[in-house]
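Subject: Structure for you to look at

Hello,

I am passing on the structure we spoke about. Please look it over, then read the notes below.

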Amino acid sequence: MSDSPKLTHLNAAGQPAMVDVGAKVPTRRVARARSRVILGAEIVALVREGDLPTRKGPVFQTAILAGIMGAKRTSELIPLCHPLGLDDCQVRIDLDGPDAVVIECTATVTGKTGVEMEALTGASIAALTIYDMCKALSHNIVIQETRLLEKTGGKQDFHHVG
(Lines give C-alpha, C1' and ligand atoms only; values in the text may rest on other atoms or scores of the structure.)
Protein backbone atom coordinates (compact mmCIF):
# COMPACT_ATOMS: atom_id res chain seq x y z
CA MET A 1 0.00 0.00 0.00
CA SER A 2 1.36 3.39 -0.96
CA ASP A 3 1.71 6.33 1.43
CA SER A 4 0.97 8.77 -1.40
CA PRO A 5 -2.03 11.10 -0.98
CA LYS A 6 -5.40 9.73 -2.04
CA LEU A 7 -8.65 11.41 -3.01
CA THR A 8 -10.88 11.38 0.06
CA HIS A 9 -14.24 11.80 -1.68
CA LEU A 10 -14.17 8.44 -3.48
CA ASN A 11 -15.24 5.15 -1.95
CA ALA A 12 -13.52 1.79 -2.55
CA ALA A 13 -15.48 1.37 -5.81
CA GLY A 14 -14.30 4.77 -7.08
CA GLN A 15 -17.73 6.38 -6.64
CA PRO A 16 -18.32 9.82 -5.07
CA ALA A 17 -18.80 9.60 -1.31
CA MET A 18 -18.97 11.99 1.60
CA VAL A 19 -16.10 11.61 4.06
CA ASP A 20 -17.28 10.07 7.36
CA VAL A 21 -16.11 12.42 10.11
CA GLY A 22 -18.23 10.80 12.85
CA ALA A 23 -15.28 9.43 14.82
CA LYS A 24 -13.27 12.67 14.73
CA VAL A 25 -12.92 14.88 17.79
CA PRO A 26 -14.11 18.48 17.28
CA THR A 27 -11.27 21.03 17.20
CA ARG A 28 -11.04 24.77 16.56
CA ARG A 29 -10.34 25.20 12.85
CA VAL A 30 -9.48 28.38 10.98
CA ALA A 31 -8.90 28.90 7.25
CA ARG A 32 -7.99 32.02 5.31
CA ALA A 33 -8.34 32.38 1.53
CA ARG A 34 -7.73 35.15 -0.97
CA SER A 35 -9.06 36.26 -4.34
CA ARG A 36 -7.56 39.06 -6.39
CA VAL A 37 -9.71 41.11 -8.76
CA ILE A 38 -8.15 43.29 -11.44
CA LEU A 39 -10.67 46.10 -11.89
CA GLY A 40 -8.55 48.45 -13.98
CA ALA A 41 -7.07 51.78 -12.98
CA GLU A 42 -10.22 53.72 -13.89
CA ILE A 43 -12.48 51.77 -11.52
CA VAL A 44 -9.89 51.70 -8.74
CA ALA A 45 -9.56 55.48 -9.05
CA LEU A 46 -13.31 55.73 -8.40
CA VAL A 47 -13.05 53.70 -5.18
CA ARG A 48 -9.87 55.27 -3.77
CA GLU A 49 -11.94 57.94 -2.03
CA GLY A 50 -14.36 55.41 -0.53
CA ASP A 51 -16.76 52.65 -1.48
CA LEU A 52 -18.22 52.96 -4.97
CA PRO A 53 -21.99 53.51 -4.77
CA THR A 54 -24.14 51.74 -7.39
CA ARG A 55 -27.86 51.13 -7.87
CA LYS A 56 -27.32 47.75 -6.19
CA GLY A 57 -25.63 49.37 -3.18
CA PRO A 58 -22.03 50.13 -2.17
CA VAL A 59 -19.77 47.68 -4.00
CA PHE A 60 -17.39 46.59 -1.23
CA GLN A 61 -19.98 46.47 1.56
CA THR A 62 -22.27 44.38 -0.64
CA ALA A 63 -19.37 42.08 -1.60
CA ILE A 64 -18.45 41.57 2.07
CA LEU A 65 -22.02 40.54 2.88
CA ALA A 66 -22.18 38.28 -0.18
CA GLY A 67 -18.88 36.62 0.78
CA ILE A 68 -20.13 35.86 4.28
CA MET A 69 -23.44 34.54 2.92
CA GLY A 70 -21.56 32.39 0.39
CA ALA A 71 -19.28 30.93 3.06
CA LYS A 72 -22.32 30.03 5.17
CA ARG A 73 -23.91 28.19 2.22
CA THR A 74 -20.84 26.33 0.94
CA SER A 75 -22.33 22.87 1.50
CA GLU A 76 -25.26 23.82 -0.77
CA LEU A 77 -22.88 24.85 -3.57
CA ILE A 78 -20.06 22.28 -3.39
CA PRO A 79 -21.07 18.61 -3.54
CA LEU A 80 -19.94 16.45 -0.61
CA CYS A 81 -19.03 19.40 1.66
CA HIS A 82 -20.32 18.93 5.18
CA PRO A 83 -22.75 21.62 6.36
CA LEU A 84 -20.97 23.66 9.03
CA GLY A 85 -22.27 26.12 11.56
CA LEU A 86 -19.50 28.70 11.31
CA ASP A 87 -18.32 30.29 14.55
CA ASP A 88 -17.09 33.31 12.61
CA CYS A 89 -16.54 34.57 9.09
CA GLN A 90 -14.72 37.79 8.23
CA VAL A 91 -14.25 39.25 4.75
CA ARG A 92 -11.83 42.10 4.11
CA ILE A 93 -11.27 43.98 0.85
CA ASP A 94 -8.15 46.08 0.28
CA LEU A 95 -6.80 48.00 -2.68
CA ASP A 96 -3.84 46.26 -4.30
CA GLY A 97 -1.79 48.59 -6.46
CA PRO A 98 -3.23 50.94 -9.05
CA ASP A 99 -5.69 48.52 -10.65
CA ALA A 100 -6.76 45.72 -8.31
CA VAL A 101 -8.32 44.69 -5.02
CA VAL A 102 -7.54 41.75 -2.77
CA ILE A 103 -10.29 39.96 -0.89
CA GLU A 104 -9.46 37.86 2.16
CA CYS A 105 -12.00 35.60 3.80
CA THR A 106 -11.30 33.98 7.17
CA ALA A 107 -13.68 31.27 8.33
CA THR A 108 -13.67 29.69 11.78
CA VAL A 109 -15.48 26.65 13.18
CA THR A 110 -15.23 24.28 16.10
CA GLY A 111 -15.92 21.00 14.39
CA LYS A 112 -14.81 17.71 12.92
CA THR A 113 -13.89 18.96 9.47
CA GLY A 114 -12.00 21.92 8.06
CA VAL A 115 -13.29 25.25 6.80
CA GLU A 116 -11.01 25.86 3.82
CA MET A 117 -13.87 25.38 1.35
CA GLU A 118 -15.91 27.97 3.25
CA ALA A 119 -13.02 30.47 3.16
CA LEU A 120 -12.44 29.82 -0.55
CA THR A 121 -16.15 30.13 -1.31
CA GLY A 122 -16.43 33.37 0.67
CA ALA A 123 -13.52 34.96 -1.19
CA SER A 124 -14.85 33.72 -4.55
CA ILE A 125 -18.41 34.94 -4.01
CA ALA A 126 -17.15 38.35 -2.87
CA ALA A 127 -15.02 38.56 -6.04
CA LEU A 128 -17.98 37.58 -8.24
CA THR A 129 -20.12 40.21 -6.52
CA ILE A 130 -17.54 42.91 -7.25
CA TYR A 131 -17.53 41.81 -10.89
CA ASP A 132 -21.33 41.87 -11.04
CA MET A 133 -21.57 45.32 -9.51
CA CYS A 134 -18.80 46.86 -11.64
CA LYS A 135 -19.48 45.20 -15.01
CA ALA A 136 -21.45 48.26 -16.18
CA LEU A 137 -18.15 50.16 -16.03
CA SER A 138 -16.02 47.50 -17.73
CA HIS A 139 -16.13 43.91 -18.91
CA ASN A 140 -12.32 43.71 -18.71
CA ILE A 141 -12.45 42.85 -15.00
CA VAL A 142 -10.44 39.71 -14.21
CA ILE A 143 -10.87 37.49 -11.17
CA GLN A 144 -7.60 35.72 -10.50
CA GLU A 145 -5.57 33.87 -7.95
CA THR A 146 -8.21 32.45 -5.67
CA ARG A 147 -6.17 30.38 -3.23
CA LEU A 148 -5.95 29.02 0.27
CA LEU A 149 -3.49 31.05 2.35
CA GLU A 150 -3.59 29.03 5.55
CA LYS A 151 -5.54 26.52 7.57
CA THR A 152 -5.06 25.36 11.14
CA GLY A 153 -6.65 23.02 13.63
CA GLY A 154 -7.05 19.85 11.60
CA LYS A 155 -4.89 16.82 10.92
CA GLN A 156 -2.35 18.96 9.07
CA ASP A 157 -1.82 22.73 9.18
CA PHE A 158 -1.03 24.60 5.96
CA HIS A 159 0.61 27.99 5.44
CA HIS A 160 1.14 29.38 1.94
CA VAL A 161 4.69 30.60 1.47
CA GLY A 162 5.10 33.48 -0.92
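This is a predicted model: local features need pLDDT of at least 70, side-chain atom pairs count only at pLDDT 80 or more; totals for chains, interfaces and linings use all residues.

Overall layout

The protein chain has 162 residues, and 36% of them are buried. Four helices and seven strands are assigned to the chain, and they come in the order β-α-β-β-α-α-β-β-α-β-β along the sequence. Taken along the principal axes, the C-alpha atoms fill a box of roughly 55 × 30 × 30 Å. The chain exposes about 9600 Å², and 56% of that area comes from carbon and sulfur atoms. Of the contacts between residues at least 6 apart in sequence, 69% join residues at least 24 apart.

The nonpolar core

In soluble globular proteins, nonpolar side chains tend to be buried together. The largest nonpolar core here has 33 residues. Val37, Leu39, Ile93, Ile103, Ile130 and Cys134 are the members with the most contacts inside it. Two or more residues each come from strand 1 (27-38), helix 1 (41-47), helix 2 (59-72), strand 4 (88-96), strand 5 (100-111) and helix 4 (116-134). Helix 4 gives the most to this core, namely eight residues.

Which residues does isoleucine 130 contact, leaving aside its neighbours within four places in sequence? They are Val37, Leu39, Val59, Phe60, Ala63, Ile93, Val101 and Ile103.

Salt bridges

Side chains of opposite charge can pair when their charged atoms come close. The count comes to eight salt bridges. These are some of them:

- Aspartate 87 pairs with arginine 28, and their closest N and O atoms are 3.0 Å apart. This pair links distant parts of the chain, since aspartate 87 sits in the loop between helix 3 (74-77) and strand 4 while arginine 28 is in strand 1, 59 residues apart. Aspartate 87 has a relative accessible area of 42%, so it is partly exposed.
- Arginine 36 and aspartate 96 meet in a salt bridge with an N to O distance of 2.6 Å. Here too distant parts of the chain are linked: arginine 36 is in strand 1 and aspartate 96 in strand 4, 60 residues apart. Arginine 36 counts as buried because its relative accessibility is 18%, under the 20% cut-off. Aspartate 96, at 28%, counts as partly exposed.
- Glutamate 76 forms a salt bridge with arginine 73, with the closest N and O atoms 2.7 Å apart. Glutamate 76 is exposed at 56% relative accessibility, whereas arginine 73 is partly exposed at 46%.
- Arg32, Glu104 and Glu150 are linked in a network of salt bridges.

Threonine 108

Not counting residues up to four places away in sequence, threonine 108 touches Arg28, Arg29, Val30, Leu86, Asp87, Asp88 and Val115. That list includes Arg28 and Asp87, the two partners of the salt bridge with closest N and O atoms 3.0 Å apart.

Regards

Technical notes: Residues are numbered from 1 along each chain as its sequence is written. Side-chain values use heavy atoms; hydrogens and water are left out. A nonpolar core is a set of buried Ala, Val, Leu, Ile, Met, Phe, Trp, Tyr and Cys residues joined through side-chain atoms within 4.5 Å. Buried means under 20% relative accessible area, exposed over 50%, partly exposed in between (1.4 Å probe, protein chains only). Contact means heavy atoms within 4.5 Å. Accessible areas come from the Shrake-Rupley method with a 1.4 Å probe; for residues, only the protein chains shown count as cover. A salt bridge is a side-chain nitrogen of Lys or Arg within 4 Å of a carboxyl oxygen of Asp or Glu.
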